[in-house]
Amino acid sequence: MTGVAAIANDGEHPGLSRSKSMRTLSLVADRKIELVDVAPPAAPAAGEVQIGIKAIGLNHIDVWGWRGMAFAKRKLPLVVGVEAAGEIVAVGPGVTTSKVGDRVVAYGALTCATCKACREGRDNLCENVASIMGFHVDGFARDLINMPARLVVPIPAGVGFRDAACAPVAFGTVQHMLFDNAKLEPGETILVQAGGSGIGTTAIKMAKAIGCTVITTVGDDEKAAKAKALGADHVINYRTDRFEGVVRKLTGKKGVDVAFEHVGPDTFNGSLLCLKRGGRLVTCGSTSGQSTTINLFQLYLQQYRIFGSFGCSIRNIRESLAKMAGGLLPVIDTEVPLADFERGLNRLESRQVFGKIIVMF
Ligand SMILES: [Zn+2]
């Protein structure tokens with residue numbers, strides 16, 4: 001029996017702190033995560049809800065946090081888990097937007113709610129953002145968590161916890177990159193780098209859903225077949241072909257409208273070279289390293305537009321969940337139980353994945 005179920009059966013106040021302990025996954029040192037029992041949270045305070053966590057999506061930010069990052073200010077032990085879905089088991093005083101039994105995902109950046117960016121719904125540009133949960137401060141890998149009610153988003157009927165758990169980071173990030181930043185339009189051509197990754201598979205599906213031509217890169221033939229099956233129009237095995245040359249050929253030397261980047265130094269300049277004049281490159285990651293050099297003549301002569309993108313707004317999470325409700329579901333590589341969180345991270349780090357790895361409670 002899970003901790004949440006045990007607590008829910010515990011009496012008249014489901015979710016409150018009547019159970020003696022709950023499970024939590026704590027990063028205790030670089031590359032060392034332990035499953036430990038801790039005291040459950042107190043009853044939710046005013047404006048808070050208490051969520052019983054059901055599923056967690058793994059992302060590269062989890063791998064970075066697990067490996068250890070010199071520049072990240074944080075204290076160990078740290079509860080891991082950056083994106084999650086669950087069910088509300090208790091609500092604090094004054095909460096009118098949620099009730100017990102609501103299925104929700106949570107926005108995992110502790111924004112201020114009062115600065116200009118927050119007031120305008122540009123949550124990921126909050127001027128006073130305190131921390132990212134699961135990276136700087138305790139995250140979601142625990143049976144119960146108290147959250148500000150303003151940071152939860154309801155899951156539409158018909159969308160399961162496993163899929164919904166991909167909304168706050170994977171889907172939200174791609175939604176924000178493609179539509180808020182790169183302003184991808186129906187009929188355009190897009191290059192999606194690393195099309196087998198969690199966000200790569202999402203980008204392929206979102207771009208195809210609005211009628212774009214999708215060219216994507218993958219690292220082996222098995223992934224190539226899977227990317228084709230997702231709807232990618234052209235798949236390039238970057239280990240056997242130079243993608244820049246193939247893209248040039250495929251587009252009749254014109255180049256693509258948008259390049260979707262998250263690989264970094266290994267592909268960044270190649271992605272720029274694939275753009276048509278005035279093309280847009282949007283990037284949300286740099287898994288192959290931190291720095292590269294770019295040709296500034298090329299940048300301004302070709303009038304490229306480059307967007308750095310990190311996270312998303314709460315609106316993007318709503319849009320993502322609406323897409324899921326409409327049938328645009330995440331590609332799931334593997335589901336692992338809570339105790340196998342590190343096995344999931346190893347798999348993600350090895351790049352042997354096609355789609356998302358989900359940790360189920
Ligand atoms: Zn703010």
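Reader: In this predicted model, is Lys253 buried or exposed, and what is its relative accessibility?

Author: The general idea is that a residue counts as exposed when its relative accessible area is over 50% and as buried when that area is under 20%. Lys253 has a relative accessibility of 63%, and therefore it counts as exposed. Lys253 sits in the loop that runs between helix H8 (243-250) and strand E12 (256-261), and its phi is near 70°, a positive value in a residue other than glycine.

Reader: Which loop holds Arg31, and what is the phi of that residue?

Author: Arg31 is placed in the loop between strand E1 (22-29) and strand E2 (32-38), and although Arg31 is not a glycine, its phi is positive, at about 60°. The relative accessible area of Arg31 is 40%, so this residue is described as partly exposed, a term that covers values between the limits for buried and exposed.

Reader: Where should I look for a cis peptide bond, and what is its omega?

Author: Look at the bond that joins Leu76 and Pro77, which is cis, with omega at about 0°. Pro77 belongs to the loop between helix H2 (60-67) and strand E4 (78-79).

Reader: How should I read the surroundings of Gly86, and which residues is it in contact with, leaving aside its neighbours within four places in sequence?

Author: Start with its position, since Gly86 is in strand E5 (residues 83-91), and then consider its accessibility, which is 1% in relative terms, so that Gly86 counts as buried. Once its neighbours within four places in sequence are left aside, the contacts of Gly86 include Ile51, Gly52, Ile53 and Lys54, together with Asp102, Arg103 and Val104, and also Ile155 and Phe161.

Reader: Which residues coordinate the zinc ion, and at what distances?

Author: The zinc ion is coordinated by the SG atoms of Cys112, Cys115, Cys118 and Cys126, at 2.3 to 2.4 Å. In sequence these donor residues follow the spacing C-x2-C-x2-C-x7-C, and two of them, Cys118 and Cys126, are both buried.

Reader: Why is the arrangement around the zinc ion called tetrahedral?

Author: The general idea is that the ideal angle for four tetrahedral donors at a metal is 109.5 degrees. Four donors count as tetrahedral if all angles lie between 85 and 135 degrees. Here the 4 donor atoms around the zinc ion subtend angles of 101 to 119°, and therefore the arrangement is tetrahedral.

Terms used:
Residues numbered from 1 in each chain as written. Predicted model: local features only at pLDDT ≥ 70, side-chain atom pairs only at ≥ 80, totals over all residues. Heavy atoms only, no water. Donors = N, O, S within 2.8 Å, 3.2 Å for Na, K, Ca; no water. Tetrahedral: all angles 85-135°; square planar, octahedral: opposite > 155°, others 65-115°. Buried < 20%, exposed > 50% of the residue type's maximum accessible area, 1.4 Å probe, protein only. Helix = DSSP H or I, 4+ residues; strand = E, 2+ residues; numbered from the N terminus. Contact = heavy atoms within 4.5 Å.
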